[in-house]
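Hi everyone, thanks for coming.

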Amino acid sequence: MSIRYSIVVPVYNEELVVEESYRRLKTVMDQTGESYELIFVNDGSRDKTEELVSGLCDEDSNVRLLSFSRNFGHQTAITAGMDAASGQAIVVIDADLQDPPEVILEMIDKWKEGYDVVYGQRISREGETAFKKVTAKAFYRIMKGLTSVDIPVDTGDFRLIDRKVCDVLSSLTEKNRYVRGLVSWVGFRQTAVLFHRKERFAGETKYPLKKMLKFALDGITTFSYKPLKISTYVGFLVSLLSFLYLLVVLCLRIFTDQTVAGWASALSVSLIFNGVILMMLGIIGEYIGRIYDETKNRPLYVIREKKGFTEEK
């Protein structure tokens, strides 16, 4: 029997929430009256997450488990789940229950209306710090301004995609993945379902500041060359200012009796310009590093164990 819906759930050290997440998802999906599978992708967890999901596989034939050989990252876990999914519609949702599983039913209704991508768009974000809310809001709007791809603001990876969209995404081989951007890039008919994001059910966020910064860099460098263009403009501006400053110094030296004093100020200007140059080299380095990752052509992830799958995919 062909599977109608595949629910992809990336998990990393989620022993406190994984069983409640399963219960909520099962309750929602049973309401559809159609076939489904719950694919939990264990992203190298160090707690009892894998053991708990393995037990769910033994109890429920709808549950699947993919376990990585190590931690490969949230976006890679989503990709692996989509690669393994057999459904005609694939839903991506985190296990922390901040994105309510009940919204999936609304997404399914939109899909049946003919939309190929239905993404969840947040109206509010409960249980998050003011810093997180402000930086997240700023990031989405900066991304929208930097890229020519229309990436919806205030959306995460919580979305439903049609089988044909999933197949296209699986054919994309880039290593530093920004899945929500890739979904926007491939096109097709897309629409939003609005919802209120809840507070995390239990446990701690798996996206601390360091990971959020890397995630932001992946998104920007994957979909925009504008930082490189900005670096070029800044470089020309710095060169022009330096040349003008040199003319001022020469004029003072040749045509006046004034002594060109102020080595401290000259040194400060030099340090500022050198800082700008190093910043531009850093931006270029980020792009070069990602090019290097692509040329190595390593697999995106390594699966250590699969459980609950009736057919190899």
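Predicted model: local features only at pLDDT ≥ 70, side-chain atom pairs only at ≥ 80, totals over all residues.

If you want one spot to look at, find Leu38, whose bridge partner in strand 3 is Val63. How does the chain get from strand 2 to strand 3? It goes through helix 2, residues 49-59, and this β-α-β crossover is right-handed.

Now look on the other side of the story, at strand 1, residues 5-11. Seven bridges join strand 1 to strand 2, and these two run parallel. Pro10, for example, has Val41 as its bridge partner in strand 2. Here the chain passes from strand 1 through helix 1, residues 18-30, to reach strand 2, and this β-α-β crossover is right-handed.

So is strand 2 buried or exposed? Seven of its seven residues, 36-42, are buried, so the strand is largely enclosed by the rest of the structure. Follow the side chains along strand 2: Tyr36, Leu38, Phe40 and Asn42 point one way, while Glu37, Ile39 and Val41 point the other way, and all are buried.

Let's stay with Leu38 for a moment. Which residues does Leu38 touch, once we leave aside neighbours within four places in sequence? They are Ile7, Tyr22, Leu25, Lys26, Met29, Asn62, Val63 and Arg64. Leu38 also shows up in the largest nonpolar core, which has 32 residues; Met29, Leu38, Phe40 and Ile104 touch the most other members. Apart from that core lies another, of 27 residues, including Val179 and Val183.

Those two valines take us to helix 7, residues 179-186. Why do we call helix 7 largely enclosed by the rest of the structure? Because seven of its eight residues are buried. Among them are Arg180 and Ser184, along with Val179 and Val183. Just after the helix, Gly187 takes a positive phi of about 90°.

Next up, the aromatic rings. How many aromatic pairs does the structure hold? Four. One of them is Phe68 with Tyr301, which is stacked, at 5.4 Å centre to centre with 20° between the planes. These two come from distant parts of the chain: Phe68 sits in strand 3, Tyr301 is in the loop between helix 10 and strand 8, and they are 233 residues apart. Phe68 is buried, with a relative accessible area of 1%. Tyr301, at 19% relative accessibility, counts as buried too, because the cut-off is under 20%.

Then there's Phe158 with Phe195. Their ring centres are 5.5 Å apart and their planes are at 90°, so this pair is edge-to-face. Phe158 lies in strand 6 and Phe195 in strand 7, so the pair ties together parts that are 37 residues apart in sequence. Phe158 is buried at 3% relative accessible area, and Phe195 is buried at 4% relative accessibility.

Last stop: Asp99, in the loop between strand 4 and helix 4. Asp99 counts as buried, at 3% relative accessibility. Which side chain makes a polar contact of 3.1 Å with that of Asp99? It's Arg197.

How values were computed:
Residues numbered from 1 in each chain as written. Heavy atoms only, no water. Core = buried A, V, L, I, M, F, W, Y, C linked by side-chain atoms within 4.5 Å. Buried < 20%, exposed > 50% of the residue type's maximum accessible area, 1.4 Å probe, protein only. Contact = heavy atoms within 4.5 Å. Helix = DSSP H or I, 4+ residues; strand = E, 2+ residues; numbered from the N terminus. Pairing = 2+ DSSP bridges. Right-handed = clockwise from strand over helix to strand, strands pointing away. Polar contact = N/O pair within 3.5 Å; in protein donor to acceptor, adjacent residues only side chain to side chain. Phe/Tyr/Trp six-rings, centres within 6.5 Å; stacked < 30°, edge-to-face > 60°.
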